[in-house]
Amino acid sequence: MVVLPGDSTKAGRPPLGHLSRGTLLKGSIAGLGALAGAAVGTTELAASPNAHGSAATDKEILTFGLLIERLQAAFYAEALRSAHLTGEAHQFAKVVGGHEQEHAKFLESALGPAAGKSPQFKFGDAVTDPAKFLATAISLEEAGLGVYNGQGVNLTPATLAAAAKIVSVEARHTAWARALAKELPAPVAVDVPVSVSQAKHTFQQFIVS
Amino acid sequence: MTGGGVRSLRLDDFDVDGAVRDTFEAMQHHTRSGFLRQTAGAGLAALGAAAVWPSEASAAASSDVTILNFALSLEYLQASFYTEAERIGALHGALKQQADVVGMHERAHVKAFKQLLGSKAIKEPKFDFHGVTESANTFRSTAVAFEDLATAAYKGQAPMITSRSYLAGALAVHSVEARHAAWIRRLAGFLPAAKAFDEPLNAHEVVNLVNSTHFVTLRDPETSARTSPHFTG
């Protein structure tokens with residue numbers, strides 16, 4: 001079992017641990033709470049400091065984003081080989097898998113040598129059983145979208161502008177996967193961000209080396 | 001339909017085949033000065049004139065207010081559209097479900113932005129959807145255009161937001177608009193996610209597109225057509 005980038009217990013990997021809770025997510029949750037809260041009738045909005053990030057933080061967040069994109073790209077590629085997908089599910093895996101590869105390439109080029117090599121992944125029956133495939137796709141897409149949303153406030157404006165082009169595509173993937181599973185594509189009015197530690201929990205199980 | 005990351009958004013990306021498409025295309029023939037002249041007299045005030053020239057906002061806080069009002073105007077537009085579709089009742093099945101759920105979301109966005117803005121919130125303009133809510137086909141194509149447009153608009157504004165809270169809120173709405181876009185595109189027979197990268201639209205482009213539909217009507221033509229008053233005192 002490998003340690004995700006950001007686990008500060010492993011040397012040689014960029015630490016993301018300090019992104020995982022508390023300070024960096026506070027702004028995000030406060031803002032969301034304000035918007036979501038307003039939607040249900042409360043008006044409270046805490047005064048909050050202004051954005052925005054640093055090159056070092058950008059790099060850490062994009063590195064985590066790259067891991068997500070690599071994992072998703074590998075997931076769809078394997079499912080296309082092994083899950084005997086047909087019809088729209090096949091189209092979904094093919095189109096979305098292609099997007100994830102493009103996202104990974106984009107982030108690799110943005111990070112340069114810091115991108116490093118992709119870990120190895122193992123998806124078990126999530127890429128052989130069509131029903132499991134769809135459930136896993138939803139979980140991976142929701143976690144990826146949620147963590148991008150949560151970390152967006154920590155990016156510099158230029159990097160946010162670039163990342164936002166990916167984020168809404170992830171949201172489209174999520175909606176598509178949910179529609180295929182006969183779930184509401186957009187279940188809530190305001191998307192809830194996912195913390196880095198929550199996202200790690202979702203992704204960790206598929207990383208073998 | 002794989003696309004690069006740097007191409008700007010084109011009308012084709014909307015794949016709209018209906019009322020909105022015609023008006024969007026007509027817009028392309030307008031010169032820039034023609035656009036400015038036209039928008040000064042029609043619809044612009046209703047959409048929040050300040051949003052079109054964000055550089056005029058000096059303080060950080062006021063530019064955030066401008067952006068939130070810009071977002072509010074788009075939410076007014078969408079909420080009104082879905083609410084009218086629901087009231088008219090021409091939709092059935094999966095399409096009706098989409099309109100009902102998404103309409104609820106857009107109304108929640110309106111309410112949220114209005115409460116965040118308080119007394120600074122712009123008033124709701126009057127809309128005339130020229131009958132596009134009265135049939136499934138025109139509803140679908142208009143909804144596809146609105147949702148792709150809203151996604152691109154939030155994406156264009158988000159990097160300019162200075163407050164972390166407002167930014168977090170805008171991002172959380174941005175991705176919901178993208179979900180809406182994917183949802184209605186699928187129901188309209190388009191790929192829910194047609195490209196690997198979604199391009200932003202700036203405020204000029206968004207207002208231009210919206211005005212070209214003539215969905216925004218003037219609340220008060222005489223006062224709306226007037227330029228800002230000069231303060232001499």
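The structure is a predicted model, in which local features need pLDDT of at least 70 and side-chain atom pairs count only at pLDDT 80 or more, while totals for chains, interfaces and linings use all residues. Residues are numbered from 1 along each chain as its sequence is written, and chains are lettered from A in the order in which they are written.

**Where chain A touches chain B**

- In this model, 49 residues of chain A are in contact with 44 residues of chain B, where contact means that the C-beta atoms, placed from the backbone, lie within 7 Å.
- On the side of chain A that touches chain B, at least two residues each come from helix H1 (23-39), helix H3 (87-111), helix H4 (130-151) and helix H5 (157-180), helices being DSSP runs of H or I with at least four residues, numbered from the N terminus.
- The largest share of that side, 16 residues, is supplied by H5(A).

**Helix H2 of chain A**

- Helix H2 (residues 55-82) of chain A has 28 residues and reaches 40 Å from its first C-alpha to its last, close to the 40 Å expected at 1.5 Å a residue, a span calculated as 1.5 Å times one less than the number of residues.
- After H2(A) comes A:His84, whose phi is positive, near 50°.

**How H2 packs with H3 in chain A**

- H2(A) and H3(A) pack at an angle of about 150°, with their axes 8 Å apart, the axes being lines fitted to C-alpha atoms over the stretch in contact and the angles running from 0 to 180 degrees between N-to-C directions.
- That angle makes H2(A) roughly antiparallel to H3(A), a label used for angles over 145 degrees.

Definitions and conventions:
Contact = placed C-beta atoms within 7 Å. Parallel < 35°, antiparallel > 145°, perpendicular 65-115°, else oblique.
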